[in-house]
2 protein chains.
Amino acid sequence: MNDFTFKNPTKIIFGKDSHLQLAEELKGYGKKVMLIFGKNSAKKSGVYSKVLDQLKDLEIKEFWGIEPNPRVETIRKALTLAKDFKPNILLAVGGGSVIDATKLISASYYTGSDPWEVVNDANQITKALPLATVLTVAATGSEMDCYSVITNWSEHKKNSWESTLVYPQFSILNPEFTYSLSALQTAYGIVDIYSHVLEQYMNTTKNALLQDRWAESIIQTLIEIGPKVIKDLDNYNLRANLMYCSTMALNGFISMGVSQDWATHNIEHELSAFYDIPHGAGLAVLTPHWLNEVKSQKHDKMAQYARRVWGLKGEDDEVIIEAIAKTYDFFFDLGIAMSLKDYGINDEHFKDMSDRLTPNKIGEIKLDQQQILNILNSSL
Amino acid sequence: MNDFTFKNPTKIIFGKDSHLQLAEELKGYGKKVMLIFGKNSAKKSGVYSKVLDQLKDLEIKEFWGIEPNPRVETIRKALTLAKDFKPNILLAVGGGSVIDATKLISASYYTGSDPWEVVNDANQITKALPLATVLTVAATGSEMDCYSVITNWSEHKKNSWESTLVYPQFSILNPEFTYSLSALQTAYGIVDIYSHVLEQYMNTTKNALLQDRWAESIIQTLIEIGPKVIKDLDNYNLRANLMYCSTMALNGFISMGVSQDWATHNIEHELSAFYDIPHGAGLAVLTPHWLNEVKSQKHDKMAQYARRVWGLKGEDDEVIIEAIAKTYDFFFDLGIAMSLKDYGINDEHFKDMSDRLTPNKIGEIKLDQQQILNILNSSL
């Protein structure tokens, strides 16, 4: 186990009626609340009116239009509105994209610099506007972490940044608020959670016994509920367990004292930056090929994954190959198209992508350019 | 899964050199630090001098003498010293007893009432002196929770209380600081951790899939490392995993959205209140008999425990009996005497104990007086 420091101050309020605590939780911040939304799904699902009902005594301002793979161009507009309105707190109502965008508004509010500069130099953040969330998608874990991923569409860049100052003050987790997601959107969320766990679990750290088991537990739970929830979208218990897994997968609980990888996420960010595909789709396609590429370097953990998560028996090399196939099949059976061609992607930009990634030496074991190209080409 | 709210603001700093961050972490609270210690084990182990080395620029005051099963009589003396010294922060250096005592000093500092009144009415706490910890025993989890258990020896009472205001600001978790614990002290810690998990896991809540797996993971890890660590007391990896399990077992991570039990702890507190036996010893003796007493009411979870934690195969009723025996053997093999008679306890006070417990209806399923007596009598 490596040495580590951990602190996560976000309060989570989970359950069917959790949104009824909004007004109480917002007390103490002040009267002015700026709400940040995506396109219009919060209106269609009814979440919008349920949230508004709780804010009757407050002065509110709404910003609509954060897109999936949230763009800095849109965030600039929201920031302008925020500086004009001068809210006491920002309330993100949506999924990871809306929350990630809200984090950047929060962090850029006091810096005086452009949000894209904040993304690229988060050290300049010394103060942030408080933010809270009402979650509507189980996927990114952004509701209980200090990370954010932002796209600069004009430069075809998708960069992640972090600051402990943008942990949400609180997050309302109502599983019913995810009922309106389609089977495919739900499947993308499942893949995102699965991938978050693998990025933290598939490491070469020795002797982090409980961390390993907790990571395996999340994947085992996803394997148990994933195929059920996409066929039973309004099932409270399934939605609740999925939402719980999502939040637990990236709040730091399973990453204490272990090395992390994040190569798959880094490569996927390149795909999204060029093609704007759904994050979960990109991860589903890449993950089995990434596992195959690193299977020698992460041999022991891959064998453990095969045996403990998938219950496979046999020689290491055999169970590893079989576990990669099981992973592929799990994503495929969720209804996800499993090759890049399915998303209109060819190898045109692969060299550019790998050029941009290589200097950063992505992944725990620092993938070289050929390995990155192998993963991309085998994903076609 | 039940609805829930969760927030744990404690920062943990884990590793071989974690104590070197003490001065940095204490910055910002002020110059005056009051240190709280147990008897003299911190001096014998060398922890005392390592801690003092980090506090050279601060004005410190030391209080020595917190006993195992910490007594309110001792805490009153520490509180008097604190009110005289007026520290900016309290620093507990020790195990759960020292930390629990420090929490009560922290909470009583502003109330104006006697500490025992605070224990019995924690609602009166509206402000608390900040506290931090340097942990020297892996057992109670007090380093990352808001609970405290205090003994009133003159009344033979041992009561628990809680307040979110007494979460430690930070806790220094250096596994090397536990090397000096004997095999038996270490074993008592293992039992305490094991019992904490069972109290949260052995519930009748349905559909808390990940919570179940995380609880099982901690017990599986204890089963893996417990027998090794008591034979290899200076092994860093084993001590680190044990300390990590200890903190994770009672920081709220495995109790979100589930009912809890705590009957075993409640009965053990009665034993300690009358006989001052080690907490871990009392729990080891009681736990198998408690499991046996509730095996019908908690049938499904008991069968799951048997299969998942102990890998048993067969009919439910068979594997449940076998799992209880495995639990007993696990504690016994750690070197713990497994009957109350071994601790000089007879049935003299059993009726008193059960009288005091029954009105509180302890346990998730509310044990009646006969059940409590059954557990005590079968533990003789």
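In this predicted model, A:Thr5 has B:Ile13, a residue of strand E1 of chain B, as its bridge partner.

In total, 34 residues of chain A are in contact with 34 residues of chain B. On the side of chain A that touches chain B, strand E1 (4-14), helix H8 (209-229) and helix H9 (236-249) of chain A each supply at least two residues. The largest share of that side comes from H8(A), with 10 residues. Sorted by class, the side of chain A that touches chain B has 17 nonpolar, 10 polar and seven charged residues.

Attention may now turn to a pair of helices within chain B. Two packed helices are described by the angle between their axes and the distance between the axes. For helix H11 (residues 279-293) and helix H15 (residues 369-378) of chain B, the axes come within 9 Å and cross at roughly 140 degrees. H11(B) is therefore oblique to H15(B), since angles over 145 degrees would be needed to count as roughly antiparallel. The crossing of these two helices, H11(B) and H15(B), is right-handed.

The residues that bring the helices together can be named on both sides. H11(B) contributes B:Leu286, B:His289, B:Trp290 and B:Glu293, which meet B:Gln371, B:Asn374, B:Ile375 and B:Ser378 of H15(B). By class, this contact of H11(B) with H15(B) has three nonpolar, four polar and one charged residues.

Methods: Residues numbered from 1 in each chain as written. Chains lettered and ligands numbered in written order. Predicted model: local features only at pLDDT ≥ 70, side-chain atom pairs only at ≥ 80, totals over all residues. Axes fitted to C-alpha atoms, helices over the stretch in contact; angles between N-to-C directions. Helix = DSSP H or I, 4+ residues; strand = E, 2+ residues; numbered from the N terminus. Parallel < 35°, antiparallel > 145°, perpendicular 65-115°, else oblique. Left-handed = near helix turned anticlockwise from the far one by under 90°. Contact = placed C-beta atoms within 7 Å. Nonpolar A, V, L, I, M, F, W, Y, C, P; charged D, E, K, R; others polar. Pairing = 2+ DSSP bridges.
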